[in-house]
Amino acid sequence: MPIYLILAGLVLWGVLIPFQAPPPNDRVIFQNKTTIAARIGSNSYNLEIADSTRKRGQGLSWRGALPADQGMLFLFDQPGRYEFIMDGMRFPLDFIWLNNGLVVDLKENVPPLKANQPSINFTAKNNFDQAIELNAGEIKKNGLKPGDRIAYF
């Protein structure tokens, strides 16, 4: 086969196969960072990193709003089924749960708690080592589904 056909094939393959970040369990990409950029669907987001018990506990609680291109990335040391609550939330959220960089579950349009409403704990159907919170509607906007990969850069 002529070399120019091989080179053309490699270039085409590189264009058709989207960039994928290294597996997120490679914690080096998150070290010493407070935020990280992520490609979710066809959009980019700036994600605040919550990588400690204190930061994960606080989450996005008590904030008035979240800019459209921002969110929060929760990092866990090992896969599990960690619970989330909407205490102190003032706006609805979408939740993306990931394990080893792949989406394992989604929860859309979770409303904030109403006054005097008891807390509701919820989690993914599968183990995860990361969770992303975005404004409600972002999952649908991006056509996200289980099995999709999130790229960090």
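Tutor: A residue is called buried when its relative accessible area is under 20%, exposed when it is over 50%, and partly exposed in between, with a 1.4 Å probe and protein chains only. This model is predicted, and local features need pLDDT of at least 70, side-chain atom pairs count only at pLDDT 80 or more, while totals for chains, interfaces and linings use all residues. Residues are numbered from 1 along each chain as its sequence is written, and side-chain values use heavy atoms, with hydrogens and water left out.

Student: Why is Asp51 called partly exposed?

Tutor: Asp51 has a relative accessible area of 33%, a value between 20% and 50%, so the middle class applies.

Student: What makes the contact of Asp51 and Lys55 a salt bridge?

Tutor: A salt bridge requires a side-chain nitrogen of Lys or Arg within 4 Å of a carboxyl oxygen of Asp or Glu. For Asp51 and Lys55 the N to O distance is 3.6 Å, so the pair meets that limit. Lys55, at 28% relative accessibility, is also partly exposed. The whole structure holds four salt bridges.

Student: Where in the chain do Glu138 and Lys141 stand?

Tutor: Both belong to helix α3, residues 138-142. Helices (H or I, at least four residues) and strands (E, at least two) are DSSP runs, numbered from the N terminus. Glu138 and Lys141 are three residues apart, which means a separation of about one helical turn. Their side chains form a salt bridge with an N to O distance of 3.5 Å, and Glu138 is buried at 8% relative accessibility.

Student: How many helices and strands does the chain have, and in what order do they run?

Tutor: The protein chain has three helices and seven strands. From the N terminus, the elements follow the order α-β-β-α-β-β-β-β-α-β.

Student: What makes β5 and β7 edge strands?

Tutor: Two strands pair if DSSP finds at least two bridges between them. The seven strands form an open sheet in the order β5-β4-β6-β3-β2-β1-β7, with mixed pairing. β5 (102-110) and β7 (151-152) each have a single partner strand, so one side of each is left without a neighbour in the sheet.

Student: How do you know that β2 and β3 are paired?

Tutor: Five bridges join β2 (residues 43-50) to β3 (residues 70-80), and the two strands run parallel. Ile49 stands opposite Leu73 in β3.

Student: Why is the pair of Phe76 and Phe84 called edge-to-face?

Tutor: Rings of Phe, Tyr and Trp (its six-membered ring) pair if their centres lie within 6.5 Å; planes under 30 degrees apart count as stacked, over 60 as edge-to-face and the rest as tilted. The count by this rule is 13 aromatic pairs. For Phe76 and Phe84 the centres are 6.5 Å apart and the planes stand at 85°, so the pair is edge-to-face. Phe76 is buried, at 7% relative accessibility, and Phe84 is buried with a relative accessible area of 7%.

Student: What makes the pair of Phe95 and Phe122 edge-to-face, and where do the two residues lie?

Tutor: The ring centres of Phe95 and Phe122 are 4.9 Å apart and the planes stand at 90°, so this pair is edge-to-face. It links distant parts of the chain: Phe95 is in strand β4 and Phe122 in the loop between β5 and β6 (128-135), 27 residues apart. Both Phe95 and Phe122 are buried.
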